[in-house]
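Trainee: I'm new to this one and would like a close look at a single part. Could you walk me through it once it's on screen?

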Amino acid sequence: MSRTLTVYLAADLKRFSPQLRDAENDLGRFGRGVDGLSNNLTRMLGPALIGAAAAAGVAAVAFGVEGVKAFVDDEAAAAKLATTLDNLGLAHDTTQVEGMIDALQRETGVADEALRPAFDRLVRSIGNTAGATDALKLAMDVSAGTGKSLDSVVQALGKAYDGNTTGLSRLGAGLDKATLATGDMRLITEQLSSTFTGQAETAANTYQGQLQRLSVGFSELQESFGAGFLSSLGDTTQG
């Protein structure tokens, strides 16, 4: 019985050994195939990955440069408005005005780079920040309702407060000649308000307005990055 078993196993081993060698050869071929595929992928993807990394680096540098520029421009515009307020004896309102402008840009998608000069123009004609704030919001409504640029509406309103209402008649705002002829800005702004109140808010809630608000948020992020970069640069140079 043990002899029979020995013979059986020997016979099995004779059949198993070639099969084992075949399996080893198959595994070897598979391994070489995997290595070849890996090498091919490395050759194909390597340049693409390097290019992607380089592009990301360039984008990061561009973002940093634009951030610094945005912060410098923003700081200069804020300083200009602060000087106007100081010259008018309204320096105590500077922080409040800046807060109002920041809130408006986030709510409406109209950037502070447009709001600051608009407010600057209006406060010079009106002489107080509360009246200039109301006039700015009205100008934004009229701009959204008529499709005219904010600057053109602000310039027309500013001149009207200075005594020249001709520019208002060209806005297509529906102001009648009799009202304009009075030169009474209370009557004029009441008529404009009754026609255009809420237009800026409506525009801000459209898809275009939402994109503009998103753009404002991105610009604020750039400015914050620029401020942080310049601050850290100053700390480094001082050290």
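Predicted model: local features only at pLDDT ≥ 70, side-chain atom pairs only at ≥ 80, totals over all residues.

Mentor: By class, the lining of the second largest pocket splits into seven nonpolar and seven polar residues, with no charged ones. That pocket has a volume of about 260 Å³. Its lining is made up of 14 residues, and the ones nearest the centre are T108, V110, A144, A203 and Q212.

The axes of α3 and helix α5 (residues 150–161) come within 8 Å and cross at roughly 10°. With angles under 35 degrees counted as roughly parallel, that makes α3 roughly parallel to α5. On the α3 side, the residues in contact are A114, L115, A118, R121, L122, S125 and I126. They meet L150, V154, Q155, L157, G158, K159 and Y161 in α5. Sorted by class, this contact has nine nonpolar, three polar and two charged residues.

Helix α3 has another link worth a look. R116 forms a salt bridge with E98, and their closest N and O atoms are 2.9 Å apart. R116 sits in α3 while E98 belongs to helix α2 (residues 94–108), so the pair links distant parts of the chain, 18 residues apart. Across the whole structure, a search finds six salt bridges.

How values were computed: Residues numbered from 1 in each chain as written. Heavy atoms only, no water. Axes fitted to C-alpha atoms, helices over the stretch in contact; angles between N-to-C directions. Helix = DSSP H or I, 4+ residues; strand = E, 2+ residues; numbered from the N terminus. Parallel < 35°, antiparallel > 145°, perpendicular 65-115°, else oblique. Contact = heavy atoms within 4.5 Å. Nonpolar A, V, L, I, M, F, W, Y, C, P; charged D, E, K, R; others polar. 1 Å grid on protein atoms, 1.4 Å probe; cavity = no way out; pocket = protein on both sides within 12 Å on 5 of 7 lines; lining within 4 Å. Points joined across faces, edges and corners; volume = space filled by probe spheres on them. Salt bridge = Lys/Arg side-chain N within 4 Å of Asp/Glu carboxyl O.
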